[in-house]
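Student: I would like to go through how the parts of this model are arranged. Please show me the sequence and structure.

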Amino acid sequence: MKSLNQINLSILLCVLLLSNPISSQELQDNTLEKQLILSVLYTQTSTEFIANNIQTYTSAASHIEEALSDKSWTASLEQKSDFSLKQPAIILDVDETVLDNTPFQARAILTGCSYPCGWVDWGLEASAEPVAGVKEFLSYAKSKNIKIFYVTNRVSELEDATKKNIKALGLPFDEDVDVLLMKGENNWTSDKTARRALVAKNHRIILMIGDQLGDFISLKETEKPVAERKKLGSKYKDMWGTKWFMIANPMYGRWESAIYGNKYPESEEDLIQMRLDALRTE
Ligand SMILES: [Mg+2]
């Protein structure tokens with residue numbers, strides 16, 4: 001016979017399941033997803049992360065005046081020549097640069113159902129909050145008549161929802177040209193080089209902001225073993241903090257696939273073991 005406490009617990013669980021938005025998803029083994037918990041908590045709860053993002057965007061804003069007056073200034077490796085008279089533009093990545101998708105990551109931890117599982121549904125909700133500092137930064141850039149482009153590797157079926165989300169946050173979104181360049185449109189792959197080149201055709205790209213190396217350079221160049229990949233930091237040392245601005249993303253990215261030699265292993269056990277093997281102890 002169940003004790004009163006057990007009955008109360010059962011009732012509480014039923015209430016929780018009925019009221020919790022993740023209850024409709026099948027709960028799976030979340031051993032792997034649980035490894036995300038401190039990264040997600042850091043981004044969701046720490047003032048340190050907010051301060052870091054405000055710092056990044058304030059620093060980016062402080063370079064706008066110089067970038068506007070120096071007509072030879074470009075932040076794009078794809079921008080080759082004859083750009084001095086073109087309208088200045090800024091390119092931003094979307095996920096974790098403009099939009100905060102940490103609720104999606106939190107759901108993955110709780111359900112054990114991680115990317116791509118549930119990702120499109122989350123995107124269609126169009127309810128992501130802005131990354132700290134981005135709104136003030138973009139409003140300042142807009143006041144300087146700078147064109148704002150969003151270059152994202154979200155799938156193209158999320159285009160309308162992404163636009164809706166960005167506009168609902170009051171961020172600039174011009175309608176005269178396509179300012180939201182998705183993966184899958186015009187045969188665009190995950191490599192953003194072609195999209196940067198397209199923006200560079202009619203604009204002088206003065207700053208770029210992202211959370212992945214691929215937001216600045218070709219994907220091919222980023223796909224290196226960890227030690228070699230780390231050298232890209234100093235290779236582009238003249239760009240960071242003046243023309244390129246990196247938002248920290250401890251939750252996911254190509255930095256993680258580099259740990260596995262840029263090829264995800266078949267099993268979760270192997271993946272967790274490779275993470276352990278990658279730890280440096282001296
Ligand atoms: Mg991103």
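Student: Which residue of strand 6 is the bridge partner of Ile90?

Tutor: The model is predicted, and local features need pLDDT of at least 70, side-chain atom pairs pLDDT 80 or more, while totals for chains, interfaces and linings use all residues. Residues are numbered from 1 along each chain as its sequence is written. Strand 1 (residues 87-92) and strand 6 (residues 203-210) run parallel, joined by six bridges; strands are DSSP E runs of at least two residues and helices H or I runs of at least four, numbered from the N terminus, and pairing takes at least two DSSP bridges. The partner of Ile90 in strand 6 is Leu207.

Student: Which strands stand at the edges of the sheet?

Tutor: The open sheet has five parallel-paired strands in the order 5-4-1-6-7. An edge strand has a single partner, so one side is left without a neighbour in the sheet. Those are strand 5 (180-183) and strand 7 (244-246).

Student: How are helix 2 and helix 5 oriented to each other?

Tutor: Helix 2 (residues 37-45) and helix 5 (residues 102-111) pack at about 150°, with axes 10 Å apart; axes are lines fitted to C-alpha atoms, for helices over the stretch in contact, and angles run from 0 to 180 degrees between N-to-C directions. Angles under 35 degrees count as roughly parallel, 65 to 115 as roughly perpendicular, over 145 as roughly antiparallel and the rest as oblique. Helix 2 and helix 5 are therefore roughly antiparallel.
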